[in-house]
Amino acid sequence: MEPHYPLFYVFHFYLFGVIALASAIAFVTRKNPVTAALWLVNTMFSLAALYVMLDAQFIGVIQVLLYAGAIMVVFLFVVMLLNLGHPSELADLRGTGWRLAAGLVGLGLLSEIMVIIRAKLPQQLIVPRDFNDQQLQKLNAVGTIAAPLFKDYLLAFELTSVLLLVAIAGAVVLGRGRTVSAR
Amino acid sequence: MFLQTAVSAAAVAHPLSGTIAEWVWLLPVLPLAGFVINGLLSLNSAHFGPADPNVPDHHSSEGGAEALAIAHAEEAGEAGDKHHAVKRHRWAGVVSVVGPGVLILSFLLALGIWQAMAATHPEAPFIQRYFSWMPAGDLQIDAALQLDQLSMVMILVVTGVGALIHVFSVGYMRDDPGYPRYFSYLNLFVFFMLVLVLGANYPVLFVGWEGVGLCSYLLIGFWFNDKVNADAGKKAFILNRIGDFGFLVAMFMLFANIGVLDFIGVSAKAGDLVAGSPLITAICLFMFLGCTGKSAQIPLYVWLPDAMAGPTPVSALIHAATMVTAGVYLIARSSFLFSLSPVASLTVAVVGVITAIFAATIGLKQWDIKKVLAYSTISQLGYMFVGVGVGAYVSGMFHLVTHSFFKALLFLGSGSVIHAMHAAYHQTHSAEDAQDMRNMGGLRRYLPITFVLMWIATLAISGIPLLSGFFSKDEILASVFARAHGSTLASASWLGIPGGTLLYVIYGIGLAAAFLTAIYMTRLMLYTFHGPVRTGTQEEQHLHEPPWIMTSTLVILGILTVFGGWLNLPEVITDVVPLGPLELLTHWLDPVVGPATARITAGAAQVPATTEQALIGAAVVIAVAGIVFAIARLKPDRVPRKRDAVPEEGFERLVANKYYVDEALDQTIVIPTYAVSRNFLWRFVDNGLIDGLFVNGSAALARGFGWVGSRLQTGNVGIYAWVLVVGVLAMLGAFTLR
Amino acid sequence: MLAESLALTAALFTIGVVGVLIHRNAIIIFMCVELMLTAVNLTFVAFSRFYGTAGQVFVVFVMTVSAAEAAVGLAIIIAIFRHRQTVDLKNINLLKG
């Protein structure tokens with residue numbers, strides 16, 4: 001049973017949803033990598049707004065910080081580094097036939113996911129609707145995540161940190177290279 | 001010993017248990033031992049390969065020097081002559097003792113068992129069960145032998161006549177390189193025949209049935225180097241097989257409806273079946289199909305004339321006295337089934353009589369002496385089937401016994417003639433046909449004993465009074481006449497024709513066939529023994545009577561032919577002329593076939609004695625008329641030699657070529673079968689379907705899969721992404737659809 | 001809001017898949033993968049609103065892994081670019097055979 005949402009809330013939810021969707025579509029259809037990346041950043045922003053509206057304030061913040069601020073910056077950095085910003089040299093997309101087929105595959109996938117969601121979506125929600133509010137009052141926004149992270153999912157946390165370490169090492173090794181590429 | 005004696009239903013020991021009858025298993029085992037010994041001897045001296053001395057060049061024109069020498073040596077006689085040295089088989093001496101010896105021993109044992117049976121008069125059969133052969137759920141078949149009066153008759157005929165023919169073969173096949181092989185096959189045949197007549201249930205009988213078919217094939221094609229002989233053997237076997245199919249179907253139907261297959265069980269439960277129902281008629285008709293194959297009746301008779309390609313003693317034993325009578329024995333054994341189905345019995349009688357007259361007409365125009373006798377056999381077998389068909393099982397068996405005597409005598413006599421002719425032609429290196437009557441004539445001067453004995457047999461087969469054939473043939477015709485009024489057969493209707501009328505018609509046709517029998521047999525005697533000698537002046541000097549070992553058997557058979565009728569003297573004659581004991585065979589076989597016979601004749605009025613005497617008189621008159629007619633009309637002087645013979649015209653040609661039945665079968669069955677086999681089964685199914693589609697096709701499929709797989713390995717990562725996504729789509733699709 | 005969030009998630013994910021299938025530029029394909037991961041994040045967050053904070057914890061993990069993967073992947077792309085002077089997928093076909 002979902003609570004009744006005020007109009008303000010619903011309006012802004014739909015607004016940010018539409019912006020996210022439009023940005024994503026725009027991102028996919030750009031040929032220029034830089035433009036595409038920027039559209040993706042926009043998608044991330046609107047999603048961050050959605051996270052906040054869904055009572056995941058911490059996640060929303062780190063979405064902006066991490067995804068938009070760090071990951072996308074790295075992408076742009078690499079694009080600039082490899083000087084791929086000029087789309088005129090590349091016919092970036094595949095041919096028309098491929099695009100049509102991709103569209104069909106996408107439609108198929110979307111319909112299948114929708115069907116499965118409708119079939120499996122539980123009508124009855126188990127937890128009380130103000131469960132998150134209780135948690136928020138007990139601990140603050142960060143605490144609600146930190147508590148399970150360091151108690152129940154400690155092992156996963158540790159492993160993820162090892163993963164980060166490995167990734168750093170790997171990135172450095174792979175990025176170093178032996179030969180100097182001709183510019 | 002693993003002998004188990006079956007206890008009879010009354011839990012009282014059989015009167016024969018503990019007597020010599022317990023050794024009944026030795027009866028077939030003795031010939032089997034002979035087969036093994038002779039077979040090993042034949043293998044021991046066999047040189048396989050191109051220079052095989054076991055294979056003579058008897059009838060083929062080409063041959064190496066060695067083969068020719070052997071062929072010459074065959075006819076050179078005991079001391080050889082100035083051209084050729086004798087080359088008898090190395091083991092001939094041992095085989096000559098073992099081969100006939102086991103038969104004589106079997107015969108003596110059979111005599112002993114017969115004595116025991118005659119002394120104790122058992123009512124129930126004596127069963128010896130040896131082991132459980134096929135225990136399969138509801139189907140319980142034992143390897144068991146059954147000794148009763150009917151099988152005793154057959155045993156005596158098989159071992160007795162068989163022993164005589166074995167002895168004859170010692171002389172006839174004397175110089176044949178395949179001597180041990182011949183005797184091993186002959187012994188094997190007797191073994192299977194004894195299994196057939198001694199079997200206590202249909203499957204064991206069938207083992208013997210198939211076995212004699214096999215031995216017939218082996219012996220017909222004994223000189224298999226000549227394609228004609230091999231083809232004849234194949235023909236016999238294949239036609240036999242068709243009959244066997246009928247027999248098998250009958251057994252299946254029996255088992256499906258009754259549940260047991262042993263004779264005692266079926267006889268007991270046959271009463272459960274509705275008399276005259278389509279089921280029992282079907283069972284009997286299918287069984288009769290088997291009999292037409294084995295006993296050469298219409299439609300499966302065409303193998304018997306071709307089977308004359310085998311050695312003459314083989315023709316005598318297998319195709320006159322024993323194997324072809326197995327069909328008659330089967331029907332007599334299954335009397336409890338046939339007596340329940342008037343339609344099937346009438347069918348048997350009708351087919352029998354039609355075959356009798358049909359074969360008789362063909363026999364009128366045959367020139368090969370053995371072919372005449374072959375068609376005569378088919379005709380006489382028809383008479384036997386008439387006998388068992390009208391429910392006169394005793395009459396049928398009586399004719400079986402007497403026929404085995406005089407037909408064996410006729411065949412062995414013709415064997416003597418052919419032996420003499422062969423010897424003559426080999427001495428003069430002539431290539432004439434030794435079996436064709438047009439090349440014979442006037443042989444009575446040179447083969448007097450054979451001449452006299454063969455005339456005795458001819459008179460017997462024609463039905464001249466007091467010889468054995470007269471009594472047996474008359475009894476069959478009298479039975480037909482008696483049942484034409486009042487029996488279950490008379491009241492039945494066969495294809496719309498009332499049974500009574502049909503039986504009178506059968507009687508009439510039987511008389512006509514007797515007339516023809518007298519004619520063609522007299523014709524055979526006239527052309528062979530009377531008249532001018534057509535053999536040629538040079539060969540004449542070399543014609544002589546065969547050695548005593550062969551003529552002695554002829555004499556014994558002659559005695560049996562003359563006195564065989566005493567087995568079953570009918571009342572109508574003994575009332576007038578007290579010749580001897582009344583109806584011995586009928587009394588003997590009564591425990592076995594009595595109930596079935598009574599079932600058929602129930603209600604049939606006794607034919608008055610005067611009518612019977614009139615019938616007998618009519619038959620005698622017809623027989624004599626036939627002989628006289630033949631003597632008057634057929635002039636041996638006017639018969640040309642074979643090489644001067646003009647081809648026949650018109651109706652004569654039709655009959656001489658056996659009404660072109662073989663050619664018709666060839667066109668309608670053989671050639672289409674070949675065509676279907678070659679074009680459809682071989683080209684389409686075997687080459688196209690199995691080789692092309694399944695074998696090559698699966699290889700092509702594997703190759704195709706490999707091609708597809710290889711095309712997927714493009715190395716293009718983008719394509720891999722596509723494949724991945726499409727795969728996810730498919731998997732999700734499975735979930736969605738569920 | 002759950003149903004709407006899930007619908008949005010599905011749409012974003014599909015767009016990401018289509019983008020992977022359409023593009024030939026390796027970096028843009030990479031960014032589409034990031035979009036897919038973000039859509040999954042939204043799923044987690046949407047569910048966590050009604051099922052407890054475990055969803056948000058997983059979002060943290062997903063983000064971390066995504067960051068690591070982006071770093072390593074881009075390093076690989078740089079390494080390839082050094083050898084081939086191109087990031088067009090058509091030319092990266094050493095696996096062909």
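## Helix α9 of chain B

The model is a predicted one, in which local features need pLDDT of at least 70 and side-chain atom pairs count only at pLDDT 80 or more, whereas totals for chains, interfaces and linings use all residues. Residues are numbered from 1 along each chain as its sequence is written, while chains are lettered from A in the order in which they are written.

Of the 17 residues of α9(B), 12 are buried, so that the helix is mostly covered; among them are Ile280(B), Ile283(B), Phe286(B), Phe288(B) and Lys294(B). After α9(B) comes Ala296(B), which has a positive phi near 55°.

## Contact between chains A and C

The contact draws 72 residues from chain A and 60 residues from chain C. On the side of chain A that touches chain C, helices including α1 (7–29), α4 (96–120) and α7 (154–176) each supply at least two residues, and the largest share, 11 residues, comes from α4(A). The residues of that side divide into 54 nonpolar, 13 polar and 5 charged, where Ala, Val, Leu, Ile, Met, Phe, Trp, Tyr, Cys and Pro count as nonpolar, Asp, Glu, Lys and Arg as charged, and the others as polar.

In α4(A), the buried residues are Ala102(A), Gly106(A), Leu109(A) and Glu112(A), and they pack against α28 (717–737) of chain B together with α1 (2–22) of chain C.

## Nonpolar cores

A nonpolar core is a set of buried Ala, Val, Leu, Ile, Met, Phe, Trp, Tyr and Cys residues joined through C-beta atoms within 7 Å. The largest has 224 residues, and those with the most contacts inside it include Phe189(B), Met397(B) and Ala408(B). Helix α16 (residues 393–427) of chain B contributes the largest share of this core, 19 residues. Not counting residues up to four places away in sequence, Ala408(B) touches Val161(B), Ile165(B), Ala316(B), Ala320(B), Ala321(B) and Leu557(B).

Another core, of 71 residues, lies apart from the largest one and includes Phe16(A), Phe27(A), Leu109(A) and Val59(C).

Methods:
A residue is buried if 20 or more other C-beta atoms lie within 10 Å of its own, exposed if 12 or fewer, and partly exposed in between; C-beta atoms are placed from the backbone. Helices (H or I, at least four residues) and strands (E, at least two) are DSSP runs, numbered from the N terminus. Two residues are in contact if their C-beta atoms, placed from the backbone, lie within 7 Å.
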